[in-house]
Amino acid sequence: MTKEELLKKHNDMLILWKAWMDEKKKHEILTFENEKGDIVRHYPDGKEVVIEYAK
């Protein structure tokens, strides 16, 4: 695979992952690291609670 093909595949995978995660957020309680590095728990009603702040 060329570098361009790998970058395209990577971008495609990121799009699919985001769509999958957005769908899971509608139905499940999830715990994950957000963009800031905080550990958060996300609830289906849209509420997010910080479990641990980034250091």
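Strands β2 and β3, the latter covering residues 48–52, pair in the antiparallel sense over 4 bridges. Two strands are said to pair if DSSP finds at least two bridges between them. Helices (H or I, at least four residues) and strands (E, at least two) are DSSP runs, numbered from the N terminus. The model is predicted: local features need pLDDT of at least 70, side-chain atom pairs count only at pLDDT 80 or more, and totals for chains, interfaces and linings use all residues. Residues are numbered from 1 along each chain as its sequence is written, and side-chain values use heavy atoms, with hydrogens and water left out.

The chain holds 1 helix and 3 strands, and along the sequence they follow the pattern α-β-β-β. With a radius of gyration of 15 Å, well over the 10 Å that the globule rule gives for 55 residues, the chain is more spread out than a compact globule. That radius is taken over C-alpha atoms, and the globule rule is 2.2 Å times the number of residues to the power 0.38. Along the principal axes, the C-alpha atoms fill a box of roughly 40 × 30 × 10 Å. Of the 55 residues, 13% are buried. Here buried means under 20% relative accessible area, exposed means over 50%, and partly exposed lies in between, with a 1.4 Å probe and protein chains only.

I turn now to the strands. β1 and β2 run antiparallel and are joined by 4 bridges. Within this pairing, L30 stands opposite H42 of β2, and T31 has R41 in β2 as its bridge partner. H42 also has a bridge partner in β3, namely E48.

What of the two faces? In a regular strand the side chains alternate between the two faces of the sheet. In β2, residues 39–42, the covered face carries V40 and H42, and the uncovered one carries I39 and R41.

Next, the charged contacts. How many salt bridges does a search of the whole structure find? The search finds 5, where a salt bridge is a side-chain nitrogen of Lys or Arg within 4 Å of a carboxyl oxygen of Asp or Glu. I shall describe some of them.

D12 forms one with K8, and their closest N and O atoms are 3.0 Å apart. These residues are 4 apart in helix α1, so about one helical turn separates them. D12 counts as partly exposed, at 32% relative accessibility, while K8 counts as exposed, at 52%.

The side chains of E23 and K26 meet in another, at 3.4 Å from N to O. As E23 and K26 are 3 residues apart in helix α1, they too are separated by about one helical turn. E23 is partly exposed at 39% relative accessibility, and K26 is exposed, with a relative accessible area of 53%.

K24 forms a salt bridge with E28, with 3.0 Å between the closest N and O atoms. E28 is partly exposed, its relative accessible area being 35%.

Finally, the largest pocket. About 170 Å³ of space lies in it. On a 1 Å grid over the protein atoms alone, a pocket is an open set of points where a 1.4 Å probe fits, with protein on both sides within 12 Å along at least five of seven lines; lining residues have an atom within 4 Å of a point. Grid points are joined across faces, edges and corners, and the volume is the space filled by probe spheres set on the points.

Which residues line the largest pocket? They are W17, K18, M21, D22, K25, F32, E33, N34, E35 and E48. Helix α1 (3–27) and strand β1 (30–33) each supply at least two of the lining residues, and α1 gives the most, with 5. By type, the lining divides into 3 nonpolar, 1 polar and 6 charged residues. In this count, Ala, Val, Leu, Ile, Met, Phe, Trp, Tyr, Cys and Pro are nonpolar, Asp, Glu, Lys and Arg are charged, and the others, Gly among them, are polar.
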